[in-house]
Amino acid sequence: MKVITANFVTCAVKECKTSAQSFPLHFHDAELEMSELDFQPEFIRNVVPRIDWEALRVTANELGFPTLPDVKPEGDALNDEQTLKDLHRLLLETQVMEGKLKCGNCGHEYVIKEGIANFLLPSHLV
Amino acid sequence: MEYLVRLAQWHQSFRVPELQAVATYLGIDLEIVFYDDFSPYCIVKLPDEAAARALIARSILAKDIFELWGQGTNYEELHADVKKRTPHLWSKYLNVTFGFDVDTYSGKRSQTTKKEIILSFKYLGFQGPIRLKNPEQSWLIMEKYVSQWEVPVNEQEKNPEPQKIYLGRYLAKSDRGAIIKYDLKKRKYISTTSMDAELSLVTANMALAGPGKLFYDPFVGTGSFLVAAAHFGALTMGSDIDPRSFRGKDEERQHKNDIAILRNFHQYETVSKYVDTFGSDLTNTPLRRNHFLDGIVCDPPYGVREGLRVLGARDGKQIDPVVIDGVLNYYRPGYIPPKRPYGFEAMQKDILNFAARALVINGRLVMWMPTALEDVGLPVPMHKNLEVISVSVQSFGNWARQLITYRRLPEGELSDISKGRTVEDDRGVSASELNTFRRKYFNGFQTEEESTPTTTP
């Protein structure tokens, strides 16, 4: 699971959707893998405005990345090549191959295996 | 300026919607001047030649595009039209190497007649040498005859004359070659329900896939729509209630972390366009409630072979978790969560509701929906935040599937949903009770009165 995807998911349990504690989900025992992809600055420019920056800071911190800037880059800052490259590396080139994503509200854990997260809920949580 | 688009003569109801989608994607003003389901020749108005080239470069159901030099119902009319429209252009091509040929639809011409036809245009005055291969410029005379689809062969005249004739200067070919590149026969990972290359590419086109965009398929399966969206440059994510569908079978794995769907992205050299796949059920999605997707493309399960399922216990019974060897059963490897039958209409509603909250403004939902043939033309599902852009139909004899394209409206704009589909799922618990399409399918699409009720589980 890539870091960008972690920013778009929360706990699948309905009761957790309204809780601030359920987002972002927290990585545990994460095994990271970096893979080089074509640099796609236009994608980063488009997608950064849709990112929850506070949550991304939490995730980056949990995965041991250097601290991100306090504020989300906007406007001209999104034309800075280095900024775009750093975000490209974090959002698209960093993926969690093994580990867990845990909800801070209900405590349910979603397993990540071979890069694939499983958000399928057992029936008592549906 | 008018241009002639030569279309593939099938998937008729998809052809104009695709051209319009490509024009929308490119921000080009496109006016359809003439279109007929029975003809491969479509006349359009476009701002300039550059727009014509850009439009065709992304089209799948069009073959190529021509600058229109003239048209008529016979050669007299055609010549008169050419002499009216183009004399100011003739000198431009005075000395180029050039080609001239005749294309017939639903008709035939002998080589001798073709030559005579070509020679009748000698007043254009081109002096350059004729080249069969790679001429600098080429012209095509296109003749449309009455086809067997309009008039049965045995009722047609013996030696018919064309109904309509066009002369066009060739500009460029379309992206139809992609159909061969993405052919399922040559694709590494497919299943029996993979959507064919051509209609997958058309689906991605309708959804305005392009570089910089994020696309999602909530019923991803083997990823036909993702590779198609990636072909146009979009980044893609997918999920499925059955993770084995995209992960592949254990016994077919070639190495550690070998995810079957990724083999396709490697094959097409679009790995940079693959974001993620994950196990999830759209009805219980983990995706956040914010507008982050540019496109949603999907072919939701029809529920015929297996019946529609979502997460949850059948009959609503609570299944209490148990601990096995000190681990909760649902955290153990290989755990498969229970699923319950779900309604066809309920699924459509979930998809529209999801699209309304997940798409960015002007983002598109492009969805396939199976329909009994008798139900084609009935209202499609609607949502107040989504505008229906087009509905195209692919017929399979006694049933059909419709491709419905929606646009997410800006805040403050609402679409009129009073003409929307109002069908409710029947009450019941079994897959057939909940799915009219499934019931009709197993009844061989007879009307419900003439068939005996079925209780197929």
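Predicted model: local features only at pLDDT ≥ 70, side-chain atom pairs only at ≥ 80, totals over all residues.
View 1. Asp101(B) belongs to strand E5 of chain B, which covers residues 98–105. Because 14 other C-beta atoms lie within 10 Å, Asp101(B) is partly exposed. Between the C-alpha atoms of Asp101(B) and Ser224(B), which are 123 residues apart along the chain, the separation is 38 Å.

**View 2. Pairing of strand E16 of chain B with strands E11 and E18 of chain B.** Strand E16(B), residues 359–372, runs parallel to strand E11(B), residues 293–298, and the two are joined by five bridges. Within this pairing, Arg364(B) of E16(B) stands opposite Gly295(B). With strand E18(B), residues 399–408, E16(B) runs antiparallel, and nine bridges join these two strands. Here Ala372(B) has Trp399(B) in E18(B) as its bridge partner.

**View 3. The contact between chain A and chain B.** Chain A contributes 32 residues to the contact, and chain B contributes 38 residues. On the side of chain B that touches chain A, strands E9 (235–240) and E10 (274–279) each supply at least two residues, and E10(B) gives the most, with five residues. Sorted by class, this side of chain B has 21 nonpolar, eleven polar and six charged residues.

**View 4. Strand pairing between E4 of chain A and E10 of chain B.** Strand E4(A), residues 116–118, pairs with E10(B) in the parallel sense over two bridges. Asn118(A) has Gly279(B), in E10(B), as its bridge partner.

Methods
Residues numbered from 1 in each chain as written. Chains lettered and ligands numbered in written order. Pairing = 2+ DSSP bridges. Helix = DSSP H or I, 4+ residues; strand = E, 2+ residues; numbered from the N terminus. Buried ≥ 20, exposed ≤ 12 C-beta atoms within 10 Å, placed from the backbone. Contact = placed C-beta atoms within 7 Å. Nonpolar A, V, L, I, M, F, W, Y, C, P; charged D, E, K, R; others polar.
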